[in-house]
Amino acid sequence: MFREERGLLLAALVRRFGDLDLAEEVTSEAIEAALVRWPADGVPPKPGAWLMTTARRKAVDRLRRDQAYAARLAVLQVEAERAAPAPPSADGDLPDERLQLFFTCAHPALPAEDRTALTLRCLAGLTTPEVARAFLVPSATMGKRIVRAKNKIRTARIPFRVPDAGELPGRLPGVLQVVYSIFTEGYAASSGPDLQRLDLAEEAIRLARILRRLLPGEREVAGLLALMLLIHARRDARTGPDGDLVLLDDQDRGRWDRAMIAEGTSLVEFALTGGPPGLYGVQAAIAALHDEAPDVSRTDWPQIVALYDVLLGLAPSPVVELNRAVAVAMRDGPAAGLALLDALSDEPRLREYSPFPAARGDLLSRLGRLAEAAVAYQDALALAGTEPERAHLRRRLTQCAKP
């Protein structure tokens with residue numbers, strides 16, 4: 001309950017006082033007070049209202065002690081209310097102003113890494129050390145990054161509001177990218193002992209569900225949520241009993257989360273209806289085709305290749321071309337896929353991307369070119385970030401050496 005209420009409370013307090021630091025501090029103090037009072041007095045009928053009242057009192061007490069701070073915040077508060085008046089609350093519940101907070105944390109004036117850090121801190125409710133672990137940096141470094149982002153919001157007078165209809169198409173992709181970057185680090189950790197970080201993946205899905213509730217008509221929001229659900233549905237089958245990597249070809253599809261797949265598939269239909277396809281909707285459609293197939297051989301590879309063609313039209317990228325080449329190999333044979341991969345060998349973004357040499361190694365081994373496959377697997381091993389990936393590549397190298 002605290003995890004859900006915290007984001008609502010923080011957003012409402014930023015709206016009320018116009019300062020993210022103050023809102024964070026009194027939110028934490030209100031939750032601490034609840035942890036003391038509620039076990040003795042019981043949970044109040046409207047926990048959010050209780051927390052808001054407590055936090056507001058603590059904020060007012062602080063402002064009374066610091067008149068200069070109070071004067072500065074008063075100016076910020078007037079500006080914020082002039083930009084977008086706060087909606088009234090219903091039945092004493094907190095108004096849901098998290099959408100404003102999403103757009104503030106993901107404002108283009110902030111560096112990309114700061115946007116993700118601030119979203120994890122403010123909307124996901126992670127502590128600074130937890131955010132630091134997500135980025136694999138020291139806690140002190142992350143603390144400075146978050147402080148820098150908050151200072152930028154304050155000094156640049158970044159407004160706490162939802163962009164208007166004309167601005168929204170340009171701003172929403174940045175918010176979605178922040179959420180998806182959190183998910184991708186959870187789905188495929190960049191380094192460490194584990195292949196997946198399920199806590200991050202699940203937090204990204206929770207954030208996407210909030211966005212979906214707040215922007216129900218936005219098809220790309222639905223597409224992002226669908227994509228993450230359809231990928232996350234395979235989480236239990238992606239690793240073996242010892243945490244080893246299990247490729248899609250070898251996964252036990254009986255362990256896939258069918259309820260999650262059904263929800264994701266329904267969202268794909270909404271994302272692809274009513275207008276031109278979007279980036280996340282197309283990727284979700286690809287994931288749905290994988291999830292709906294009874295096995296790899298009966299996957300609709302021609303349709304997946306066609307969707308990758310659409311995706312390349314929307315967002316040309318060497319990584320998309322890599323994935324398309326793998327799909328072509330499944331449709332037309334390893335030689336066809338390898339020719340496409342070799343044509344990408346000079347792409348700078350793929351030189352440090354371990355899936356590229358790993359894919360080449362797989363296609364070369366399927367063609368019986370084991371010595372070349374071993375070289376490719378060695379290159380992939382040098383770039384792999386997690387121990388399960390490295391263990392998988394070492395096994396592939398051993399197989400290449402067998403007569």
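The model is predicted: local features need pLDDT of at least 70, side-chain atom pairs count only at pLDDT 80 or more, and totals for chains, interfaces and linings use all residues. Residues are numbered from 1 along each chain as its sequence is written, and side-chain values use heavy atoms, with hydrogens and water left out.

**Overall fold**

The protein chain has 20 helices and zero strands, where helices (H or I, at least four residues) and strands (E, at least two) are DSSP runs numbered from the N terminus. Its radius of gyration is 24 Å, close to the 22 Å of the globule rule for 403 residues, so the chain is as compact as a globular protein of that length. That radius is taken over C-alpha atoms, and the rule is 2.2 Å times the number of residues to the power 0.38. Along the principal axes, the C-alpha atoms fill a box of roughly 80 × 45 × 40 Å.

Buried residues make up 50% of the 403 residues; buried means under 20% relative accessible area, with a 1.4 Å probe and protein chains only. Among contacts with a separation of 6 or more, 65% join residues 24 or more positions apart, contact meaning heavy atoms within 4.5 Å.

**Nonpolar cores**

In soluble globular proteins, nonpolar side chains tend to be buried together. A nonpolar core here is a set of buried Ala, Val, Leu, Ile, Met, Phe, Trp, Tyr and Cys residues joined through side-chain atoms within 4.5 Å. The largest has 98 residues, of which Leu101, Leu118, Val179 and Met228 touch the most other members. Helix α11 (residues 219–232) gives the most to this core, with 10 residues. Beyond four places in sequence, the contacts of Val179 include Phe102, Leu211, Leu224 and Met228. A second, separate core of 22 residues includes Ala329, Leu338, Leu381 and Cys400.

**Two buried arginines**

Arg6 lies in helix α1 (residues 2–17), whereas Arg253 lies in the loop between α11 and α12 (258–271). Each is buried, with a relative accessible area of 10% for Arg6 and 10% for Arg253.

| Pair | Separation in sequence | C-alpha to C-alpha distance |
|---|---|---|
| Arg6 and Ala124 | 118 residues | 8.7 Å |
| Arg253 and Asp291 | 38 residues | 8.4 Å |

Not counting residues up to four places away in sequence, Arg6 touches Glu24, Thr27, Ile31, Arg121, Cys122 and Gly125. With the neighbours within four places left aside, the contacts of Arg253 include Leu248, Arg258, His290 and Asp295.
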